[in-house]
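Visitor: I would like a close look at one kind of contact here. Please walk me through the salt bridges.

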Amino acid sequence: MAELPGMPSLGEGWLHSYIAKAGTADALRGDVGRGAKWWNALFEGIGRLSEGRLDLLQQRMARQVQELGTAFRLPGEERERPWPVSAVPLLIGEDDWAIIAAGVAQRAELLERLLDDIFGEQTIVSRGAVPAALVTGSRAFWRSQIGIKPPGGYHLHIYAVDLGRDPSGEWRVLDDHVRAPVGAGYALENRLASTRLMGGLQTRLHVERLAPFFSAFREGLAAVCRRSDPRIGLLTPGRYNQSYAEQAHLARYLGLLLVEGSDLAVREDGLFVRTIEGLKRVDALWRRIDSRYLDPLAFDATSAIGVPGLMDAMAAGQAVIANSPGAGAVESTAMAAFLPALAQRLLGEHLILPNIATWWCGQDGPRAQVEARLDELLIAPAFTDAPVGLPRGRPVLASTLSRAEREALLADMRNRPTDYAAMEDVHLSTTPAVLDGQLVPRPFTLRVFAARDGEGKWTVMPGGFARIGDDSDARVTVMGEGAFSADVCVVGTKAVDPVSLLPQKVPIRRNPGTLPSRAADNLYWLGRYLERGEATLRLVRATLGGSIVADGGAALFPLTLDRLGTMLIASGAATIEKPEQEEGEEAEEDSGETHDLRELALLALDGDGPASIASLMRHARLIASGTRDRLSGDVWRLVDAPLPKALSDDAEATLARAVDLQERFSALAGLSAENMGRTAGWRFHDMGRRIERALWGCRQVRIFGGKDASADDLTTLLDLFDSQISYRARYLAGLALEPVRDLVALDPYNPRSVAFQMARIAEHLAELPPLRDDGMAEAHVMIFYRIESAIRTATAETLDGTMVLGLENMLSELSNAISARFFLQGSEGLRMSGMTLA
């Protein structure tokens, strides 16, 4: 093997060194004979990519993850964290993988048949193969689902399983996931990041591709729908869910609607999504919320994230739910103890992938064995609820308990034995991981996914993702959820054909698809908040000096300064705590003259006011996080990036920070103007910007363009409209009130003017779908006509404060009417005349 100049090779010699470090009993030693050539090729490639610096390789991987926007959120945290991915993938040879794939498909089919019996004939329970308490004791079991045949006949459409490899090299099942399996998106994102990092190395390793799996899953869902061109949604709990970023990525990749419960409605046993065009039929949902919260009429009445009547739509065969409610009844820890016998009963086969040894304490014999071997076993909740003896609800090694904890556990185990299960304490094999620039052995578990294809057969994702422990202790109980993840590559001896997610022949379409009302609402208000932030920054720059000081070199006209400060306060950008008034004393109105302008500027950037930059960016981030599937990675990174910290509170430093922030807002405006497709979503986003810009324009004209406006007022007005150059090029005689008014308010060719905003709003409204079929204008259009008429008939001389205030009020009325028409919420919106069901 060739060595890199000036450094040793990371190939064969390094591999043998690593095996010695991993330990003689580790399964990786067995890979030397079966797959040494793949590991050698990987390490050689890594050596070249990193120039011998593995810390540099890990940093590059972190950048790729950031570029992709892969993230997760811990419970209780507001901000997302970057998804941690190891730069070194886990390699599995094609022969070993064939066994894993066969075992996963077998297990998925076993659980499908078990669910079919539990909610069907129930012969397994009636004949004593499974105790009734094992089924009914699970919170995931819903008696109301007995006798209901899922549309298409399948309870399971996607399945995930956690595998561990013991030091002898045998793969064993640790956990089954059927309720709402998480992680397929992370496996995809790990592969995308790894591919970007490794380049052609994966091709040389003949790595199996993931795209066919996702294509098969989508085809499988479509195949069980009644319509030939079904509309499929991914039902998410919302932006605060731990894996929301993954769900958004999956929806975008698979072409699914990302919907929340409030987006959906059931009418006449049909499932519909609320869109800007009315109600549109939904044929299938890939749910990522627990069955308990799916339908408040059928399950938990307190659920605020479900869809009332969803179970009626499913029972009528009008809506496919993947996976069906109640599926979680078979994924309890205790159920694993019965699966080997059930495999022979239902499939006539032995399990290809064995469980870790499991005992359910609800039976006398197994409970006696557990008590006799207590110090050797992991004691776990039999179901999802934490029993009294395991208050943390997690498996615990009995030998690590204190005497009091042990006695409490045994006492409750004898009192409520059905709540407990026991498992052997498995030691895991290791895989290479980068730590402090070195390759070290770390224990791992592997999550593998299976999905039904268009023919109803199980297809297994050729890979998955590995969870890698942050400790060298290889016990499952110590590893927990793992510290970071890794791509899992199935490598073979033959070249792999490139496969796209899309089929060979796909009909051309230019219709961008369905826009849910919630998405339109989010995009609209994202545009308004971003435009409001830009307007606030222009005020801050003008307040701190801007071009007025640079031109005049003298102190500003006091009244102009007072107006700038007053507008910062009145807009909500800077909030000032008012002193308590003595009884009988009249409160004074806030004005900029009574406050230090530097203080107001700082508050406008970092304060708690509703229009401060800090507050606006919080709101923008919140809205954008709920529309991740419709925003590019560049937009999300700019919105999610923390605000620059203040290095000093003097005027120059604050002004420099305002300039930097305005560049960010300008970048966001540029991305929306140049990169967003001209879809209905873009129209709502841009319309939000235009309405906000017109509102601020009216306020600024009213405050700085009155009949008593000074030269400083007019210069400030031109600055706020970014129209200094346009004015000077057009008018050589100097500043005058009417020409300034006309340029910033009435000129249809000035992209910052109020008239220009109304022309763009007119274009958007003309393209949005009407609900009425009688040809009459809807309420929001009538309001727009009034505004348009007022601006068309106005002149610079007649544009006084009263008229401008009237325009402001009508613009606010227009915004409210657009919200009432397009952003449908609750049953009131569904009763609007002309609502279509398509």
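Guide: Start with Asp-263 and Arg-518, which are both buried. This is a predicted model. In it, these two residues form a salt bridge, with the closest N and O atoms 2.7 Å apart. The partners come from distant parts of the chain, 255 residues apart. Asp-263 sits in the loop between strand E7 (257-259) and strand E8 (264-267). Arg-518 belongs to helix H16 (residues 517-543).

Now move to Glu-808 and Arg-702. Their salt bridge brings N and O to 2.6 Å at the closest. It links two helices: Glu-808 lies in H29 (residues 801-822), Arg-702 in H23 (residues 680-704). Glu-808 has a relative accessible area of 6%, so it counts as buried; the cut-off for buried is under 20%. Arg-702, at 33%, is partly exposed.

Next come Glu-371 and Arg-414. Their side chains meet in a salt bridge of 3.4 Å, N to O. Helix H13 (residues 364-372) holds Glu-371, and helix H14 (residues 403-415) holds Arg-414. This pair is 43 residues apart, and it too links distant parts of the chain. Glu-371 has a relative accessible area of 28%, so it is partly exposed. Arg-414 reaches 52% and is therefore exposed, because exposed means over 50%.

Salt bridges can also share partners. Glu-109, Glu-112, Arg-113 and Arg-452 are joined into one network that way. Across the whole structure, a search finds 47 salt bridges.

How values were computed: Residues numbered from 1 in each chain as written. Predicted model: local features only at pLDDT ≥ 70, side-chain atom pairs only at ≥ 80, totals over all residues. Heavy atoms only, no water. Salt bridge = Lys/Arg side-chain N within 4 Å of Asp/Glu carboxyl O. Helix = DSSP H or I, 4+ residues; strand = E, 2+ residues; numbered from the N terminus. Buried < 20%, exposed > 50% of the residue type's maximum accessible area, 1.4 Å probe, protein only.
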